[in-house]
Amino acid sequence: MVTANVYVTIKRNVLDVQGKAVKDALRSLGFSEVGEVRVGKFMELTLDTDDRATAEERVRQMCEKLLANTVIEDYRFELK
């Protein structure tokens with residue numbers, strides 16, 4: 001079994017509306033030191049394989065086909 005932690009975030013050149021809303025809310029609560037906030041998604045997947053190379057390729061395919069909108073989002077993952 002291989003566990004994959006997948007992180008998906010809005011690309012740097014795309015306005016992160018949700019991140020801006022969180023930043024504004026934090027600042028209104030007195031957290032003036034907050035500069036930038038980027039909001040993303042975290043997913044933990046368990047793959048029924050012990051082959052790390054296969055797991056890496058399959059997770060990459062999952063990200064490209066479903067988990068991330070690669071037009072506006074970046075992704076990265078870690079295998080454990």
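Q: What makes us say that the charged end of R76 sits over the ring of Y7?
A: The charged end of R76 is 4.1 Å from the centre of the Y7 ring. The cut-off is within 6 Å of the ring centre, along with a limit of within 35 degrees of the ring normal, so R76 counts as sitting over the ring of Y7. Keep in mind that this is a predicted model.

Q: How many aromatic pairs does the structure hold?
A: There is one aromatic pair in the structure.

Q: Are Y7 and F42 buried, exposed or partly exposed?
A: Buried means under 20% and exposed means over 50%. Y7 has a relative accessible area of 24% and F42 has 46%, so Y7 is partly exposed and F42 is partly exposed too.

Q: Why is the contact between K20 and D24 called a salt bridge?
A: Their side chains meet at 2.8 Å, N to O. The cut-off is within 4 Å, so K20 and D24 form a salt bridge. Both residues lie in helix α1 (residues 17-28), four residues apart, which is about one turn of the helix. With relative accessibility of 46% for K20 and 37% for D24, K20 is partly exposed and D24 is partly exposed as well.

Q: How do you know that R60 and E56 form a salt bridge?
A: Use the cut-off again: within 4 Å. The closest N and O atoms of R60 and E56 are 2.9 Å apart, and that makes a salt bridge. These two sit in helix α2, and because they are four residues apart, about one helical turn separates them.

Q: What makes R76 and E78 salt-bridge partners?
A: Their closest N and O atoms are 3.5 Å apart, and with a limit of 4 Å that is a salt bridge. R76 has 48% relative accessibility and counts as partly exposed, and E78, with 32%, is partly exposed too. A search of the whole structure finds six salt bridges.

Q: Why are β2 and β3 said to stand at the edges of the sheet?
A: Three strands form an open sheet in the order β2-β1-β3, with antiparallel pairing. β2 (40-47) and β3 (73-79) each have a single partner strand, so one side of each is left without a neighbour in the sheet. From one strand to the next, the twist averages 20°.

Q: How do you know that β1 and β3 pair?
A: Two strands pair if there are at least two bridges between them. Strand β1 (residues 2-10) is joined to β3 by seven bridges, so the two are paired, and they run antiparallel. In β3, E78 is the bridge partner of N5. Helix α2 (residues 52-67) packs on the sheet and touches β1, β2 and β3.

Key:
Residues are numbered from 1 along each chain as its sequence is written. This is a predicted model: local features need pLDDT of at least 70, side-chain atom pairs count only at pLDDT 80 or more; totals for chains, interfaces and linings use all residues. Side-chain values use heavy atoms; hydrogens and water are left out. Axes are lines fitted to C-alpha atoms, for helices over the stretch in contact, and angles run from 0 to 180 degrees between N-to-C directions. Contact means heavy atoms within 4.5 Å. Buried means under 20% relative accessible area, exposed over 50%, partly exposed in between (1.4 Å probe, protein chains only). Rings of Phe, Tyr and Trp (its six-membered ring) pair if their centres lie within 6.5 Å; planes under 30 degrees apart count as stacked, over 60 as edge-to-face and the rest as tilted.
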